[in-house]
Amino acid sequence: MPITFTGITNDLLSSTIYNVHDQIVDGLFQTSPFLSVSKKLGKIKYHDGSFKLVVPIETQEQTTSTQITTGWEPVNMAVQEISQQAQYDYSRVVRPVLISGKEEASNRGEKAIINLAEARHKAAIQALMRELNRQIVQGGVSAFSSVTSLNGNTGFGGASTGFLEANAVGSQTNTVGGLARGSVVGLNNQFIDGGGTVADILKNLYTLEARASTLLPAGGDGGRFHLTLASMTAYAAYRNALFANERFIDAKSLDAAGVQSLAFSSGVMMPDRDIGFGQSSTTVENSFMLLNLDGIFLDILNGADFAFTGFMDYPGYDGRYGQIVWQGGLCAGHVGSSALYIDAT
(Lines give C-alpha, C1' and ligand atoms only; values in the text may rest on other atoms or scores of the structure.)
Protein backbone atom coordinates (compact mmCIF):
# COMPACT_ATOMS: atom_id res chain seq x y z
CA MET A 1 0.00 0.00 0.00
CA PRO A 2 1.20 3.57 -0.65
CA ILE A 3 2.61 5.57 2.26
CA THR A 4 -0.24 7.79 3.50
CA PHE A 5 1.01 9.48 6.67
CA THR A 6 0.73 12.92 5.08
CA GLY A 7 -1.64 12.21 2.23
CA ILE A 8 1.22 12.78 -0.25
CA THR A 9 1.38 10.00 -2.82
CA ASN A 10 4.54 8.76 -4.50
CA ASP A 11 3.42 10.38 -7.76
CA LEU A 12 2.87 13.76 -6.14
CA LEU A 13 6.17 13.67 -4.25
CA SER A 14 8.03 12.52 -7.38
CA SER A 15 6.49 15.29 -9.47
CA THR A 16 7.60 17.87 -6.93
CA ILE A 17 11.17 16.55 -6.99
CA TYR A 18 11.21 16.43 -10.81
CA ASN A 19 10.33 20.14 -10.82
CA VAL A 20 13.39 21.07 -8.75
CA HIS A 21 15.75 18.39 -10.07
CA ASP A 22 17.41 20.41 -12.85
CA GLN A 23 17.87 23.40 -10.56
CA ILE A 24 19.51 21.25 -7.91
CA VAL A 25 21.81 19.53 -10.42
CA ASP A 26 22.87 22.85 -11.94
CA GLY A 27 23.64 24.24 -8.53
CA LEU A 28 25.69 21.25 -7.44
CA PHE A 29 27.78 21.31 -10.61
CA GLN A 30 29.40 24.35 -9.02
CA THR A 31 31.20 22.22 -6.44
CA SER A 32 33.19 20.16 -8.99
CA PRO A 33 35.48 22.23 -11.25
CA PHE A 34 35.86 19.59 -13.98
CA LEU A 35 32.12 18.99 -14.24
CA SER A 36 31.31 22.68 -13.93
CA VAL A 37 33.67 24.00 -16.63
CA SER A 38 32.94 21.09 -18.98
CA LYS A 39 29.23 21.81 -18.77
CA LYS A 40 29.56 25.58 -19.07
CA LEU A 41 31.74 25.29 -22.20
CA GLY A 42 29.49 22.63 -23.78
CA LYS A 43 32.26 20.02 -23.78
CA ILE A 44 30.15 17.19 -22.34
CA LYS A 45 28.91 14.83 -25.07
CA TYR A 46 25.69 12.84 -24.97
CA HIS A 47 24.73 9.67 -26.84
CA ASP A 48 21.79 7.30 -27.19
CA GLY A 49 23.66 4.17 -26.17
CA SER A 50 25.94 1.49 -27.60
CA PHE A 51 27.95 -1.48 -26.39
CA LYS A 52 31.09 0.62 -25.85
CA LEU A 53 32.09 4.25 -25.96
CA VAL A 54 34.18 4.31 -29.15
CA VAL A 55 36.46 7.19 -30.16
CA PRO A 56 38.36 7.02 -33.49
CA ILE A 57 41.96 8.24 -33.18
CA GLU A 58 44.27 9.08 -36.08
CA THR A 59 47.50 7.19 -35.46
CA GLN A 60 49.33 7.42 -38.80
CA GLU A 61 49.32 9.10 -42.20
CA GLN A 62 47.18 7.57 -44.96
CA THR A 63 49.65 8.22 -47.82
CA THR A 64 53.23 9.43 -48.41
CA SER A 65 54.59 12.24 -50.58
CA THR A 66 56.56 11.77 -53.79
CA GLN A 67 59.16 14.25 -55.01
CA ILE A 68 58.98 14.96 -58.73
CA THR A 69 62.29 15.90 -60.38
CA THR A 70 62.18 14.71 -64.01
CA GLY A 71 58.42 14.67 -64.28
CA TRP A 72 58.24 10.92 -64.85
CA GLU A 73 58.65 9.54 -61.35
CA PRO A 74 55.87 7.12 -60.37
CA VAL A 75 53.65 8.52 -57.61
CA ASN A 76 53.67 6.41 -54.47
CA MET A 77 50.05 5.27 -54.21
CA ALA A 78 50.50 3.07 -51.14
CA VAL A 79 47.60 3.48 -48.72
CA GLN A 80 47.35 2.49 -45.06
CA GLU A 81 44.66 2.74 -42.42
CA ILE A 82 44.96 6.10 -40.68
CA SER A 83 42.91 5.53 -37.52
CA GLN A 84 42.29 3.09 -34.71
CA GLN A 85 39.41 2.97 -32.28
CA ALA A 86 39.86 3.72 -28.61
CA GLN A 87 37.19 1.95 -26.58
CA TYR A 88 35.88 2.84 -23.13
CA ASP A 89 33.44 0.97 -20.91
CA TYR A 90 30.19 2.45 -19.68
CA SER A 91 29.92 3.03 -15.98
CA ARG A 92 26.41 2.91 -14.53
CA VAL A 93 26.10 4.08 -10.95
CA VAL A 94 22.93 4.25 -8.84
CA ARG A 95 22.46 5.92 -5.47
CA PRO A 96 19.20 5.50 -3.53
CA VAL A 97 17.12 8.22 -1.91
CA LEU A 98 15.12 6.86 1.04
CA ILE A 99 12.48 8.19 3.42
CA SER A 100 11.16 5.96 6.19
CA GLY A 101 7.61 5.95 7.49
CA LYS A 102 8.94 6.99 10.88
CA GLU A 103 10.62 10.04 9.36
CA GLU A 104 7.39 10.99 7.60
CA ALA A 105 5.45 10.65 10.82
CA SER A 106 8.03 12.78 12.65
CA ASN A 107 8.01 15.49 9.95
CA ARG A 108 4.31 16.19 9.75
CA GLY A 109 2.79 18.45 7.14
CA GLU A 110 3.08 18.40 3.38
CA LYS A 111 5.76 21.09 3.28
CA ALA A 112 7.90 19.24 5.83
CA ILE A 113 7.82 16.01 3.82
CA ILE A 114 8.56 17.78 0.54
CA ASN A 115 11.49 19.62 2.12
CA LEU A 116 12.79 16.35 3.54
CA ALA A 117 12.56 14.68 0.14
CA GLU A 118 14.37 17.60 -1.52
CA ALA A 119 17.14 17.48 1.07
CA ARG A 120 17.64 13.72 0.65
CA HIS A 121 17.57 14.06 -3.16
CA LYS A 122 20.12 16.87 -3.09
CA ALA A 123 22.43 14.99 -0.72
CA ALA A 124 22.41 11.89 -2.95
CA ILE A 125 23.31 13.86 -6.09
CA GLN A 126 25.98 15.81 -4.25
CA ALA A 127 27.59 12.58 -3.01
CA LEU A 128 27.55 11.11 -6.54
CA MET A 129 29.16 14.24 -7.99
CA ARG A 130 31.91 14.23 -5.37
CA GLU A 131 32.67 10.59 -6.11
CA LEU A 132 32.69 11.14 -9.89
CA ASN A 133 34.98 14.17 -9.56
CA ARG A 134 37.37 12.22 -7.31
CA GLN A 135 37.48 9.33 -9.78
CA ILE A 136 38.17 11.67 -12.70
CA VAL A 137 40.92 13.63 -10.95
CA GLN A 138 42.47 11.07 -8.59
CA GLY A 139 41.02 7.62 -9.29
CA GLY A 140 40.43 4.77 -6.86
CA VAL A 141 36.68 5.29 -6.30
CA SER A 142 35.14 1.82 -6.23
CA ALA A 143 31.63 2.81 -7.38
CA PHE A 144 33.10 4.57 -10.45
CA SER A 145 35.99 2.19 -11.10
CA SER A 146 34.89 1.69 -14.73
CA VAL A 147 35.37 5.42 -15.40
CA THR A 148 38.86 6.15 -16.71
CA SER A 149 40.80 8.69 -14.65
CA LEU A 150 42.96 11.65 -15.63
CA ASN A 151 45.50 10.38 -13.12
CA GLY A 152 47.93 8.16 -15.00
CA ASN A 153 50.78 8.91 -12.59
CA THR A 154 51.23 5.38 -11.23
CA GLY A 155 53.66 6.66 -8.59
CA PHE A 156 50.91 8.85 -7.15
CA GLY A 157 47.89 6.58 -6.99
CA GLY A 158 47.19 6.64 -10.73
CA ALA A 159 46.23 3.76 -13.02
CA SER A 160 47.98 2.40 -16.12
CA THR A 161 44.90 3.45 -18.07
CA GLY A 162 45.03 7.05 -16.79
CA PHE A 163 45.26 9.73 -19.47
CA LEU A 164 48.00 11.94 -17.97
CA GLU A 165 51.16 9.91 -17.50
CA ALA A 166 54.24 11.04 -15.56
CA ASN A 167 56.78 10.11 -18.23
CA ALA A 168 58.42 11.95 -21.09
CA VAL A 169 56.81 12.00 -24.53
CA GLY A 170 57.92 8.87 -26.39
CA SER A 171 58.45 6.90 -23.18
CA GLN A 172 54.83 6.64 -22.09
CA THR A 173 53.39 3.16 -21.62
CA ASN A 174 49.85 3.79 -20.33
CA THR A 175 47.10 2.73 -22.71
CA VAL A 176 44.54 5.18 -24.11
CA GLY A 177 41.23 3.39 -24.60
CA GLY A 178 43.15 0.16 -25.07
CA LEU A 179 45.62 1.65 -27.58
CA ALA A 180 49.38 1.72 -27.03
CA ARG A 181 50.81 5.23 -27.10
CA GLY A 182 54.02 4.40 -28.95
CA SER A 183 55.31 7.38 -30.90
CA VAL A 184 51.87 8.76 -31.81
CA VAL A 185 52.00 12.42 -30.79
CA GLY A 186 48.27 12.60 -30.10
CA LEU A 187 48.53 9.71 -27.66
CA ASN A 188 51.42 11.15 -25.60
CA ASN A 189 50.50 13.85 -23.08
CA GLN A 190 52.90 16.71 -22.42
CA PHE A 191 54.88 16.30 -19.20
CA ILE A 192 57.23 18.21 -16.91
CA ASP A 193 58.78 17.24 -13.57
CA GLY A 194 59.34 20.51 -11.73
CA GLY A 195 61.79 19.02 -9.25
CA GLY A 196 60.23 21.07 -6.46
CA THR A 197 61.58 24.35 -7.88
CA VAL A 198 58.88 26.95 -7.21
CA ALA A 199 60.75 29.64 -9.12
CA ASP A 200 60.23 27.72 -12.38
CA ILE A 201 56.43 27.43 -12.17
CA LEU A 202 55.59 30.13 -14.71
CA LYS A 203 58.31 29.05 -17.14
CA ASN A 204 57.24 25.41 -16.96
CA LEU A 205 53.53 26.18 -17.35
CA TYR A 206 54.19 28.31 -20.42
CA THR A 207 56.48 25.61 -21.86
CA LEU A 208 53.73 23.03 -21.53
CA GLU A 209 51.26 25.42 -23.14
CA ALA A 210 53.59 26.01 -26.08
CA ARG A 211 54.16 22.29 -26.64
CA ALA A 212 50.47 21.37 -26.37
CA SER A 213 49.33 24.24 -28.60
CA THR A 214 51.06 22.66 -31.60
CA LEU A 215 48.97 19.50 -31.26
CA LEU A 216 45.38 20.70 -31.05
CA PRO A 217 42.70 18.05 -31.72
CA ALA A 218 40.85 18.23 -35.01
CA GLY A 219 37.34 19.62 -34.78
CA GLY A 220 38.01 21.55 -31.58
CA ASP A 221 37.36 25.22 -30.86
CA GLY A 222 41.03 26.17 -31.25
CA GLY A 223 41.51 26.69 -27.52
CA ARG A 224 44.61 25.45 -25.74
CA PHE A 225 44.02 24.58 -22.07
CA HIS A 226 40.34 25.13 -21.29
CA LEU A 227 40.82 24.07 -17.66
CA THR A 228 43.86 23.68 -15.45
CA LEU A 229 43.32 21.87 -12.17
CA ALA A 230 45.84 22.64 -9.44
CA SER A 231 46.64 21.18 -6.05
CA MET A 232 46.19 23.52 -3.10
CA THR A 233 49.91 24.26 -2.74
CA ALA A 234 50.53 24.54 -6.48
CA TYR A 235 47.63 26.95 -6.91
CA ALA A 236 48.94 29.17 -4.10
CA ALA A 237 52.45 29.07 -5.57
CA TYR A 238 51.19 30.03 -9.03
CA ARG A 239 49.19 32.92 -7.64
CA ASN A 240 52.17 34.17 -5.63
CA ALA A 241 54.37 33.99 -8.74
CA LEU A 242 51.99 36.31 -10.61
CA PHE A 243 52.05 39.06 -7.97
CA ALA A 244 50.40 42.19 -9.36
CA ASN A 245 49.88 40.64 -12.78
CA GLU A 246 47.38 38.02 -11.69
CA ARG A 247 44.14 37.96 -13.67
CA PHE A 248 41.06 36.79 -11.82
CA ILE A 249 38.04 35.34 -13.59
CA ASP A 250 34.69 35.62 -11.85
CA ALA A 251 34.07 32.03 -10.84
CA LYS A 252 30.32 32.50 -11.16
CA SER A 253 30.74 33.10 -14.88
CA LEU A 254 32.02 29.54 -15.13
CA ASP A 255 29.36 27.95 -12.91
CA ALA A 256 31.92 27.38 -10.21
CA ALA A 257 30.63 29.69 -7.50
CA GLY A 258 32.65 29.51 -4.34
CA VAL A 259 35.75 28.12 -6.08
CA GLN A 260 38.40 30.78 -6.63
CA SER A 261 39.80 30.85 -10.15
CA LEU A 262 42.55 32.53 -12.13
CA ALA A 263 42.84 33.09 -15.86
CA PHE A 264 45.38 30.83 -17.54
CA SER A 265 45.94 29.92 -21.19
CA SER A 266 42.61 29.82 -23.05
CA GLY A 267 40.62 29.18 -19.91
CA VAL A 268 40.81 29.12 -16.16
CA MET A 269 42.92 27.61 -13.39
CA MET A 270 41.10 26.24 -10.35
CA PRO A 271 42.23 24.45 -7.19
CA ASP A 272 40.89 20.93 -6.76
CA ARG A 273 41.13 19.06 -3.48
CA ASP A 274 41.01 15.67 -5.15
CA ILE A 275 44.32 16.03 -6.99
CA GLY A 276 46.43 15.26 -3.95
CA PHE A 277 44.10 14.45 -1.08
CA GLY A 278 44.38 10.86 0.06
CA GLN A 279 47.84 10.44 -1.45
CA SER A 280 51.21 10.74 0.23
CA SER A 281 53.11 13.94 -0.51
CA THR A 282 56.17 12.82 -2.45
CA THR A 283 58.45 14.12 -5.16
CA VAL A 284 56.10 12.69 -7.79
CA GLU A 285 52.92 14.39 -6.61
CA ASN A 286 50.54 15.79 -9.20
CA SER A 287 50.63 19.60 -9.11
CA PHE A 288 48.81 20.73 -12.29
CA MET A 289 46.56 18.91 -14.76
CA LEU A 290 46.30 21.08 -17.88
CA LEU A 291 43.32 19.99 -19.96
CA ASN A 292 42.13 20.53 -23.50
CA LEU A 293 38.47 19.58 -23.16
CA ASP A 294 38.11 18.90 -26.88
CA GLY A 295 40.57 16.04 -26.49
CA ILE A 296 39.44 14.71 -23.08
CA PHE A 297 35.72 14.77 -22.32
CA LEU A 298 32.80 13.15 -20.53
CA ASP A 299 30.39 11.13 -22.69
CA ILE A 300 27.05 10.53 -20.95
CA LEU A 301 24.02 8.44 -21.86
CA ASN A 302 20.98 10.57 -22.66
CA GLY A 303 18.57 10.50 -19.74
CA ALA A 304 21.19 9.22 -17.29
CA ASP A 305 22.95 12.42 -16.25
CA PHE A 306 22.19 12.26 -12.52
CA ALA A 307 18.62 11.36 -13.45
CA PHE A 308 15.95 10.76 -10.79
CA THR A 309 13.71 7.71 -11.18
CA GLY A 310 10.87 8.89 -8.92
CA PHE A 311 9.67 7.57 -5.57
CA MET A 312 8.24 4.08 -5.06
CA ASP A 313 7.14 2.04 -2.09
CA TYR A 314 9.98 0.04 -0.55
CA PRO A 315 8.69 -3.57 -0.52
CA GLY A 316 8.93 -5.19 2.89
CA TYR A 317 9.82 -1.94 4.64
CA ASP A 318 7.95 1.01 6.06
CA GLY A 319 9.20 3.64 3.68
CA ARG A 320 9.69 4.76 0.09
CA TYR A 321 12.68 5.15 -2.14
CA GLY A 322 13.90 6.61 -5.42
CA GLN A 323 17.20 6.39 -7.26
CA ILE A 324 19.70 8.80 -8.81
CA VAL A 325 21.27 7.28 -11.94
CA TRP A 326 24.42 8.27 -13.82
CA GLN A 327 25.79 6.38 -16.83
CA GLY A 328 28.70 7.36 -19.03
CA GLY A 329 32.46 7.50 -19.16
CA LEU A 330 35.52 9.72 -19.42
CA CYS A 331 36.94 9.49 -22.93
CA ALA A 332 40.00 10.73 -24.75
CA GLY A 333 40.60 11.13 -28.45
CA HIS A 334 43.69 13.32 -28.10
CA VAL A 335 45.92 13.61 -25.02
CA GLY A 336 48.82 15.37 -26.73
CA SER A 337 46.97 18.65 -26.24
CA SER A 338 46.81 18.12 -22.46
CA ALA A 339 49.63 18.02 -19.92
CA LEU A 340 50.73 16.87 -16.48
CA TYR A 341 53.09 18.90 -14.27
CA ILE A 342 54.38 17.11 -11.16
CA ASP A 343 56.39 18.27 -8.14
CA ALA A 344 55.97 21.98 -8.82
CA THR A 345 56.56 22.94 -5.22
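Arg181 is buried, with a relative accessible area of 1%, where buried means under 20% relative accessible area, exposed means over 50%, and partly exposed lies in between, using a 1.4 Å probe and protein chains only. Its partner is Glu165, which at 2% relative accessibility also counts as buried, and the two side chains meet in a salt bridge at 3.8 Å, N to O. By salt bridge I mean a side-chain nitrogen of Lys or Arg within 4 Å of a carboxyl oxygen of Asp or Glu. This pair links distant parts of the chain, 16 residues apart, with Arg181 in the loop between strand S6 (179-180) and strand S7 (190-193), and Glu165 in the loop between H4 and strand S5 (175-176); helices (H or I, at least four residues) and strands (E, at least two) are DSSP runs, numbered from the N terminus.

Before I go on, please keep in mind that this is a predicted model, in which local features need pLDDT of at least 70 and side-chain atom pairs count only at pLDDT 80 or more, while totals for chains, interfaces and linings use all residues. Residues are numbered from 1 along each chain as its sequence is written, and side-chain values use heavy atoms, with hydrogens and water left out.

On confidence, the chain averages a pLDDT of 85, and 86% of the residues score at least 70, pLDDT being the predictor's confidence in each residue, from 0 to 100. Over residues 1-5 the pLDDT is below 50, although this stretch has 12 contacts in the model beyond near neighbours in sequence, a contact being heavy atoms within 4.5 Å.

How many salt bridges does the rule give? The count comes to eight. One of them joins Asp89 and Lys52, whose closest N and O atoms are 2.3 Å apart. Asp89 lies in the loop between strand S3 (83-88) and strand S4 (91-100), and Lys52 in the loop between strand S1 (45-47) and strand S2 (53-58), so the pair ties together parts that are 37 residues apart in sequence. Asp89 is partly exposed at 40%, and Lys52 is partly exposed at 23%.

Another salt bridge connects Arg134 with Asp274, at 3.7 Å from N to O. Because Arg134 sits in helix H4 (residues 110-137) and Asp274 in the loop between strand S10 (267-271) and strand S11 (286-291), this pair ties together parts that are 140 residues apart in sequence. Here Arg134 is partly exposed, at 30% relative accessibility, whereas Asp274, at 14%, counts as buried.
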